[in-house]
Amino acid sequence: MATVDSLTATEKTIVVVSLSLAFAYAAKIRAQPSHFRMILKAASTALLSLLATVSGKHWQLSTALGLGAIGDAFLAWPGETAFLCGLGSFLTAHVFYIHLFLAIGGGYEVIVSEAWRRLLATSMMGVAAVVGMVLVPRIDGSLRWPVAAYSVISLAVVLAVLTTNEQWTVAGAVLFCLSDCVLGTDEFLVEPQSTHRAWMQHAVWALYYTGQFLIVAGID
């Protein structure tokens, strides 16, 4: 994992601005949708893509993060169309993540070589099974199958990252996946007026941004 001292002045500036925007969005997360709120959300992750590019990291990483920023822009707005567009952006981003992790990883043998990897893989497959049995059947209309497909791809991301030796990136990918689980629960299982929605929405953002940040920081 890169340390602060190893970063260039440009990289440090990008990190500071990205973190500042992420905290600013967290403060606005319950506000009414607006272009300003959308910019705060999307720009914080777009800067992570820029950081990956400036740092000379893998092109798949920069592309995945850029697609994530586009997805953030869509998901800053309510409605089924915006949700589907955001889902599509993130699904495509996950394909690039999988391609990257498999390219730098050591294959299936790495997952079964260590107990913690086997445990994490099994746990995440269990989470995916619960999502499939509890969440997906409660989704109506045109969203059901896209959400189901996204859940499968998210699991594939975690399994792919477990083939690598980048433990901070593994942690980031797991946090990213957990943010999706909380988001799905908030979006489709919790009543709109529930008092739990406030902390869940903050948890989604904290898990998601931290996950993306660790993915970038963990990859050389």
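In this predicted model, the side chains of Glu-114 and Arg-117 meet in a salt bridge, with an N to O distance of 2.8 Å. A salt bridge here is a side-chain nitrogen of Lys or Arg within 4 Å of a carboxyl oxygen of Asp or Glu. Glu-114 counts as partly exposed because its relative accessibility is 31%. Arg-117, at 1% relative accessibility, counts as buried. Buried means under 20% relative accessible area, exposed over 50%, and partly exposed in between (1.4 Å probe, protein chains only).

The structure holds two salt bridges. Another pair is formed by Arg-197 and Asp-186, whose closest N and O atoms are 2.8 Å apart. This pair links distant parts of the chain, with Arg-197 in helix H9 and Asp-186 in helix H8, 11 residues apart. Helices are DSSP runs (H or I, at least four residues), as strands are (E, at least two), numbered from the N terminus. Both Arg-197 and Asp-186 are buried.

Residues are numbered from 1 along each chain as its sequence is written, and side-chain values use heavy atoms, with hydrogens and water left out. As the model is predicted, local features need pLDDT of at least 70 and side-chain atom pairs count only at pLDDT 80 or more, whereas totals for chains, interfaces and linings use all residues.

The largest nonpolar core has 49 residues. Such a core is a set of buried Ala, Val, Leu, Ile, Met, Phe, Trp, Tyr and Cys residues joined through side-chain atoms within 4.5 Å. Residues with the most contacts inside the core include Leu-61, Tyr-97, Phe-101 and Trp-205. At least two core residues come from each of several helices, among them H1 (9-28), H4 (80-104) and H9 (196-218). H4 gives the largest share, eight residues. Beyond four places away in sequence, Trp-205 touches Ala-22, Tyr-25, Ala-26, Ile-29, Lys-41, Ser-44 and Thr-210. Contact means heavy atoms within 4.5 Å.

The UniProt record (unreviewed entry) places the feature "transmembrane region" at residues 84-104, 116-136 and 143-162. Such annotations may be inferred rather than shown by experiment. Residues 84-104 are 100% helix and 0% strand, and their end C-alpha atoms lie 30 Å apart. Residues 143-162 are 90% helix and 0% strand, with end C-alpha atoms 29 Å apart.

On the surface, Val-130, Met-133 and Val-134 form a nonpolar patch. Val-130 lies in helix H6. Val-130 counts as partly exposed, at 45% relative accessibility.

How values were computed: Patch = residues over 30% accessible without salt bridge, like charges linked within 9 Å, V, L, I, M, F, W, Y side chains within 5 Å. Areas by Shrake-Rupley, 256 points an atom, 1.4 Å probe, with all protein chains shown as cover.
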